Amino acid sequence: MAKPSARERILGSYEVILADRGPAEITLDAVAAHAGVSKGGLLYHFGSKDALRDGLLERLERLTDDDLERARTAPEGVVRYYLRSAITDVTSDLALHRTTMAAIRLVLNDPTAAEVSRRCTERTRELMLEHVEDRLTAELVMLVGEGLYMRAALGEEATESLLAQIDEIADRIEAGAPAKATIAAGHRKN
């Protein structure tokens, strides 16, 4: 595997420091030291803390779009993919999870981060609505996925048993949906 570019290492270091310690601990010196580059090297790629934030948020949008594309083509269907990956993204420490955790640290105090997060959520909602007939069921699927994600992120022991029950969870959501809706195959029934 190719060594990440200096830009990617810097962005990765920003992500780690942000997720682990929060925005108050972000300094250009700290990010440069963590990335193993000089401050001048960091400034070549990212001229400010805002530029680092923007790089992280661009990464979040790209990774979200990549994940949504995987969901669209998942053999198990969008709903089951979404619910399953809510856990496995965390337990496998995938890039989307790491970037999401860093972005969450920004959302409460940074309107730009909050807006990007809302856009990512809206794109997920749009995909759900393509595959689940009614808005309420789509929202319920997303809420269940967010709950599974949070439990996995908190390291709850029940996460593995919930992962084994994703099909049952999806079936129960489907049972509560309007009779003409189907999510078993991940597609709308017309």
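## Exercises on a predicted model

Over residues 4-64 the chain is 77% helix and 0% strand, with the end C-alpha atoms 20 Å apart; helices (H or I, at least four residues) and strands (E, at least two) are DSSP runs numbered from the N terminus. The model is predicted, so local features need pLDDT of at least 70 and side-chain atom pairs pLDDT 80 or more, while totals for chains, interfaces and linings use all residues. Residues are numbered from 1 along each chain as its sequence is written, and side-chain values use heavy atoms, without hydrogens and water.

**Exercise 1.** State which UniProt annotation covers residues 4-64, and describe residues 27-46.

*Solution.* Step 1: the unreviewed UniProt entry gives "domain: HTH tetR-type" for residues 4-64. Step 2: the record also places a "DNA-binding region" at residues 27-46; such annotations may be inferred rather than shown by experiment. Step 3: that span is 75% helix and 0% strand, and its end C-alpha atoms lie 12 Å apart.

**Exercise 2.** Characterise the largest pocket by its volume, its lining and the elements that contribute to the lining.

*Solution.* Step 1: the volume is about 650 Å³. A pocket is, on a 1 Å grid over the protein atoms alone, an open set of points where a 1.4 Å probe fits, with protein on both sides within 12 Å along at least five of seven lines; lining residues have an atom within 4 Å of a point. The volume is the space filled by probe spheres set on the points, which are joined across faces, edges and corners. Step 2: of the 23 lining residues, Tyr82, Thr100, Thr121, Glu146 and Tyr149 are the closest to the centre. Step 3: two or more lining residues come from each of α4 (49-73), α5 (78-91), α6 (95-107), α7 (111-131) and α8 (135-153). The most, six residues, come from α6.

**Exercise 3.** Compare the reach of α7 with its expected span, and identify what covers its buried residues.

*Solution.* Step 1: α7 has 21 residues and reaches 31 Å from first to last C-alpha, close to the expected 30 Å; the expected span is 1.5 Å times one less than the number of residues. Step 2: its buried residues (under 20% relative accessible area; exposed is over 50%, partly exposed in between; 1.4 Å probe, protein chains only) include Cys120, Arg125 and His131. Step 3: the cover includes α4, α5, α6 and α8.

**Exercise 4.** Locate Asp93 and classify its accessibility.

*Solution.* Step 1: Asp93 lies in the loop between α5 and α6. Step 2: Asp93 has a positive phi of about 50°, although it is not a glycine. Step 3: Asp93 is partly exposed, because its relative accessibility is 39%.

Notes. Contact = heavy atoms within 4.5 Å.
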